[in-house]
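Here is a short report on strands and how they pair. Look over the sequence and the model first.

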Amino acid sequence: MADRLKELERADDSITLRYVDGDELNLPYHELRAWCPCAKCRPRWKDPHRRLGLAEEVKRLRVEMPKAEAVGRYAVRFTWTSGCSSGLWSFEHITDIALNRLEVDH
Ligand SMILES: [Zn+2]
């Protein structure tokens with residue numbers, strides 16, 4: 001199972017996650033971004049009533065490859081030209097998105 005992230009590769013419209021045990025996951029940027037962990041976005045996807053609005057908004061944005069900067073050995077900071085540059089994306093969070101494991105409040 002995808003547990004320890006070994007490398008993260010950016011393509012034009014998606015990101016590929018490679019794990020130590022050989023698992024590989026692919027995640028389109030628009031999907032990644034709909035779960036942005038920054039202080040502005042997090043309360044929106046945490047709220048089931050606002051979650052859809054955020055997803056729609058992200059879909060309307062031009063697909064862009066974010067800048068990625070490693071933060072220690074457990075996280076990465078993505079910088080998107082169309083806003084959202086302060087979020088710290090832990091490998092765990094990214095894996096949760098790729099595996100559809102994130103919980104929203106009910
Ligand atoms: Zn954000």
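Which residue in the turn of the β4 and β5 hairpin has a positive phi? It is Gly72, with a phi of about 60 degrees. Three residues lie between the two strands of this hairpin. The model is a predicted one.

**Around β5**

Strand β4 covers residues 67-71 and pairs with β5 in the antiparallel sense. Five bridges hold this pairing. Within it, Ala68 stands opposite Phe78 of β5. Strand β5 also pairs with β6, again antiparallel, over three bridges. Here Arg77 has Leu88 of β6 as its bridge partner.

The side chains of β5, residues 75-79, alternate along the strand. Val76 and Phe78 point to one face and are buried.

**The β1-β2-β3 sheet**

An open sheet of three strands has the order β1-β2-β3, and its pairing is antiparallel. Its edge strands are β1 (5-10) and β3 (24-28), each pairing on one side only. From one strand to the next, the twist averages 20 degrees. Strand β2 spans residues 14-19 and is joined to β1 by five bridges. In that pairing, Arg10 stands opposite Ile15 of β2.

**Strand pairs with bridge counts**

| Pair | Sense | Bridges |
|---|---|---|
| β4 and β5 | antiparallel | five bridges |
| β5 and β6 | antiparallel | three bridges |
| β1 and β2 | antiparallel | five bridges |

In general, strands of a sheet pair through backbone hydrogen bonds, either parallel or antiparallel.

Conventions:
Residues numbered from 1 in each chain as written. Predicted model: local features only at pLDDT ≥ 70, side-chain atom pairs only at ≥ 80, totals over all residues. Buried ≥ 20, exposed ≤ 12 C-beta atoms within 10 Å, placed from the backbone. Helix = DSSP H or I, 4+ residues; strand = E, 2+ residues; numbered from the N terminus. Pairing = 2+ DSSP bridges. Axes fitted to C-alpha atoms, helices over the stretch in contact; angles between N-to-C directions.
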